[in-house]
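Student: Please take a close look at a single residue in this structure. Then set it beside the helix packing and the ligand site.

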Amino acid sequence: MYRDNTKVIHIGDRVIGGGNPILIQSMTNVPTQDVEAVVKQILALEKAGCEIIRCTVPDEEAAKAIPEIKKQIHIPLVADIHFDYKMAITSIENGADKIRINPGNIGGEEKLRAVTDTAKAANIPIRVGVNSGSLERNIVERDGGVTAAGIVESALDKVHMIEKAGYDNMVISIKSSDVMMCVRAHELLAEELDRLGTRYPLHVGITESGTVRSGNIKSSIGLGLILDKGIGDTIRVSLTGDPVEEIVSAKLILRTLGLRKGGIEVVSCPTCGRTKIDLIGLATKVEDMVQGMPLDIKVAVMGCAVNGPGEAKEADIGIAGGNGEGLIIKKGEIIKKVPEQRLLEELKAELDNWNG
Ligand code: SF4
């Protein structure tokens, strides 16, 4: 698989590439210079399971905030730079663990070399990439529109610019809001990098994927297909919504693909005419409650006493709803019958004192 043999890259105290676990990223959506707000958001993201955070650095004030932010967080910080090479240099000098730049819009070869020299001195990686929306006009016109091959060509141009500036501590990302084009582009890029003998790690995400509902579906399909082909060293689920949702979804995608262990998997029935308790509400509360619990088990939340117990037996622990009450089933055995209002707290008590 491509990811088994990618170049090993250090981002702060995390390591990606070379078959290391796929790490989950997100991006803050509050002004970077507002240290208090940005730290609050990053700490919430860390708690949810975010492993690398990216912050935009549009000006001097934002770049100056980096040391103060870094003091208060526990995951590597990536500075996102557009156009101004000075912001890239200041961000590195202020402790950014990685920078993301577009070598094509940083102001020419000399300025690019100033950035790569600073990154080299600090020994931090540079992420380069292409977004289908900002693909060079000559490529788009030549191909009669945005294509997977065009995205890859543009990305490799950027990679070669950094290599030409004498640096190869790099992560590549290519993005397209067209899910299937994005999948094809990743396959092509992996093939091409393999052929060139420069297997840089890839950061994978589906861009502009939309609100929580459509973004989750597009990202699950896109990331699912790409990751299952053995491509992708870090991921981001981009959602128009609370970034914490991105982490919850990213973890679920990795778990579903068998690429990450740990955490509680909640299964629940779709409800039907037999359901006599508020199962939708209960399942939602259970899903929220188990986030971050340090167990690797399956919890079933089933709606009725007819099929529920049988299905709950498949899980490590489960609830089977009855009429205003429910059964708690552990390892296939009914251990308790409790009123509906107490089902959640009884389940929590079992999980808090889990002994397998
Ligand atoms: S477990 Fe019971 S309530 Fe849920 S869908 Fe199956 S039959 Fe219906």
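Tutor: Ile-280 is partly exposed, because 14 other C-beta atoms lie within 10 Å of its own. A residue counts as buried at 20 or more such atoms and as exposed at 12 or fewer, so a count of 14 falls in between. This is a predicted model. Ile-280 sits in helix α10, which covers residues 279-290. Take Val-212 as a reference point: Ile-280 and Val-212 are 68 residues apart in sequence. In space, their C-alpha atoms are 19 Å apart.

Now the helix packing. Two packed helices are described by the angle between their axes and the distance between the axes. Helix α1 spans residues 35-48, and helix α9 spans residues 243-256. Their axes come within 9 Å and cross at roughly 15°. That angle is under 35 degrees, so α1 runs roughly parallel to α9. The crossing of α1 and α9 is right-handed. On the α1 side, the contact involves Gln-41, Ala-44, Leu-45 and Ala-48. Across from them, α9 contributes Pro-243, Val-244, Ile-247 and Val-248. By class, the residues of this contact are seven nonpolar and one polar, with no charged residue.

Last, the ligand site. The ligand is surrounded by 13 residues. The closest are Cys-269, Cys-272, Gly-303, Cys-304 and Asn-307. The shell around the ligand divides into six nonpolar, five polar and two charged residues.

Conventions: Residues numbered from 1 in each chain as written. Predicted model: local features only at pLDDT ≥ 70, side-chain atom pairs only at ≥ 80, totals over all residues. Axes fitted to C-alpha atoms, helices over the stretch in contact; angles between N-to-C directions. Helix = DSSP H or I, 4+ residues; strand = E, 2+ residues; numbered from the N terminus. Parallel < 35°, antiparallel > 145°, perpendicular 65-115°, else oblique. Left-handed = near helix turned anticlockwise from the far one by under 90°. Contact = placed C-beta atoms within 7 Å. Nonpolar A, V, L, I, M, F, W, Y, C, P; charged D, E, K, R; others polar. Near = placed C-beta within 6 Å.
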